[in-house]
Structure formats: C-alpha cells, structure tokens
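I opened the notebook to record what I looked up in this structure, entry by entry. The entries follow the order in which I went through the chain.

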Amino acid sequence: MLDAALLSIDGLCVAYDGSNALNGVSLQIHRGELICVVGANGAGKTSLIRSISGIVPSSSGVVKMNGVDITGMPPWEICERGIAQVAEGRQIFGGLSVEDNLLLGGSLKRAKAGQLETLEFVYRLFARLRERRRQLAGTLSGGEQQMVAIGRAIMSKPEIVMFDEPSIGLSPALTDVMFGVVKRLHEEGITVLLVEQNVAKSLALSNRGYVLENGSIVLHGSSGELLSNPEVQRAYLGM
Ligand code: ATP
C-alpha cells in the first residue's frame, strides 16, 4: 500500500495579468510514485511546476509537502523541503564548469552531508559529465546541458523531482536516454512528477497520469487506463 500523499495540490490557480493559466488544479503524488501530467503547448504544464516550486505565485489553492503547507514559501525553502525541479530550457550557469553547476545543486543544507557520494552517483549516471567536469557548461551540447540540469537536481538530495519536458529539443535517441534516466531515478527511490507533451512515452513510463487542458485537469487515471482511453488516443496519440 502507498503512504499518504507526499505532495498534495488542491485547487491551485495561477493567473498572469488577470488571465488564468491554471484553474483549480488538484493532484496527489504518493511517495515512490512516478506520475505524469501531459498536455499540449500552453496547457499550463510549466505554470504548474513553477507554482509548486514557488517561482510563480498562485492566486489561490494549497500545496502541501509531507502534510506541511508550503504555499507561498520562497523557492529556496521549498527546495530545502525536498522538492527539486529540472526546468524546461535547462537554466544552468553557462559561465561555470559542469562540476561547479553540480556542486551548486548540492549546496542546500539538506544536501551537504554526503555531497561527494552524491556527485559520484551523478557521474555514474552520466559518464559524459565526468569526462567534461571542467568544461564550461555553456559550451556543452543541448543533451549534455540537460544532463547537468538533472544532475544538479539530484545533488539537492530531493524526495521528489519535477521534470518540465525533459525531452524538449532533443533527438529521438537522446529523448530515450532521458526517459531512461527518469526511470532509473525512480528505481533509485526518488518520487517523480514528469510534465510532458510526449504523451505516449510519458504514460508508458508512469504509474498514473493526469491530462491538463487549458489550465484544468480533464482526465486522470492509471497510465494503462489513459493509454486505452479513446479521447486520449484521438487527441494525443494520433489514433
Ligand atoms: P509549453 O508546452 O508550450 O511550454 P505549457 O503547458 O508549459 O506550454 P505554460 O507555459 O504554463 O504552458 O503557459 C500556460 C499559459 O500561460 C499560456 O497561455 C502562456 O502564454 C501563459 N503564460 C505563461 N507564462 C506567462 C507569463 N510570464 N506572462 C503571461 N502569460 C504567461
């Protein structure tokens, strides 16, 4: 049986200049789950992740982590509570080396102990980053930068990692590598919230999924149920 929700979101609304990007989104993630939120361009996926991580303020609704209300907390405090995000567009520090980017991720209080072991774990996961640890991150390829962004999130020793479209801009082969990494992290015991446009691949990887349309959750269920749902098949799987 799964524990009570690790991350619980209730009625979350986000508005930009008076126009709503999220209209009362509710979802729960239990410890050890890998869940996905899928949706088209502009559905509100990034807004959801950014409001959970405190980067974008919500206009109403509650976000709880381990039963504690974290709504409105500053982003660093939310990170300290074990929520890491891998942002769309990577957002790494181009002028710093690969290793310095990773060590920055490990500079949280929660992550200081055992930092070198975590770094070793990241290098085992991404041999390419070990080879290029002294290289300026801004000179890496797009796929390598994505590895740095994931590695930096892992360095914060999170309980949950939120991935914002990890496959965006990557070749099909590299997309498969990234989805493989998401699966591997989940197998290591990290709870995962994956936000994606690649509906088939995300559902194939996840336990459960939510479908986000125009800022509202319109469907949710086990990944198997969603994959066999005719509406999902028609709208997202080209069937
Ligand atoms: P994509 O897959 O294209 O990244 P998304 O599902 O992540 O899309 P969001 O980026 O969350 O969607 O955007 C949801 C809506 O909010 C869109 O209509 C977008 O134009 C709008 N929006 C997002 N950020 C801002 C902002 N900073 N100011 C104004 N409107 C915004």
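**Entry 1: residues with a positive phi**

I began with Asp17, which at 85% relative accessibility counts as exposed; I use exposed for over 50% relative accessible area, buried for under 20% and partly exposed for what lies in between, with a 1.4 Å probe and protein chains only. Asp17 sits in the loop between E1 and E2, and its phi is positive, about 50°, although Asp17 is not a glycine. Helices (H or I, at least four residues) and strands (E, at least two) are DSSP runs that I number from the N terminus.

I note here that this is a predicted model, in which local features need pLDDT of at least 70 and side-chain atom pairs count only at pLDDT 80 or more, while totals for chains, interfaces and linings use all residues. Residues are numbered from 1 along each chain as its sequence is written, and side-chain values use heavy atoms, with hydrogens and water left out.

I then looked up Glu165, which lies in the loop between E7 and H7 and has a phi near 45°, again a positive value in a residue other than glycine. Is Glu165 buried or exposed? I found Glu165 buried, with a relative accessible area of 5%.

**Entry 2: the chain overall**

I noted 10 helices and 10 strands in the protein chain. The radius of gyration is 17 Å, close to the 18 Å that the globule rule gives for 239 residues, so the chain is as compact as a globular protein of that length; the radius is taken over C-alpha atoms, and the rule is 2.2 Å times the number of residues to the power 0.38. Along its principal axes the C-alpha trace spans about 50 × 40 × 40 Å, and 48% of the 239 residues count as buried. Of the contacts (heavy atoms within 4.5 Å) with a separation of 6 or more, 68% come from residues 24 or more positions apart.

**Entry 3: the sheet of four strands**

I traced an open sheet of four strands in the order E2-E1-E4-E5, with antiparallel pairing, where two strands pair if DSSP finds at least two bridges between them. Its edge strands are E2 (19-30) and E5 (68-69), each of which pairs on one side only. Strand E1 (residues 5-16) runs antiparallel to strand E4 (residues 60-65) and is joined to E4 by five bridges; Ile9 stands opposite Val63 in E4. Helix H1 packs on this sheet, touching E1, E2 and E4, and its direction makes about 115° with that of E1; for such angles, axes are lines fitted to C-alpha atoms, for helices over the stretch in contact, and the values run from 0 to 180 degrees between N-to-C directions.

I also checked the cover of H1 (residues 45-52), and six of its eight residues are buried, among them Leu48, Ile49 and Ile52. After H1 comes Gly54, with a positive phi near 85°.

**Entry 4: the sheet of six strands**

I next followed an open sheet of six strands in the order E6-E7-E8-E3-E9-E10, with mixed pairing. E6 (83-86) and E10 stand at the edges with a single partner strand each, so one side of each is left without a neighbour in the sheet. Strands E7 (residues 160-164) and E8 (residues 191-196) run parallel and are joined by five bridges, and the bridge partner of Asp164 in E8 is Val195. Helix H7 (residues 172-187) packs on the sheet, touching E3, E7 and E8, with its direction at about 155° to that of E8. Helix H6 (residues 142-155) lies across E6 and E7 and runs at about 180° to E6.

How many residues of strand E9 (residues 208-213) are buried? I found five of the six, so E9 is largely enclosed by the rest of the structure. Four bridges join E9 to strand E3 (residues 34-38), and the two run parallel; Ile35 has Arg208 in E9 as its bridge partner. With strand E10 (residues 216-222), E9 pairs in the antiparallel sense over six bridges, and Gly209 stands opposite Gly221 in E10. E9 and E10 form a hairpin with two residues between them, and Asn214 in the turn has a positive phi of about 45°.

**Entry 5: Glu33**

The side chain of Glu33 reaches the backbone nitrogen of His30 at 2.9 Å.

Key
Polar contact = N/O pair within 3.5 Å; in protein donor to acceptor, adjacent residues only side chain to side chain.
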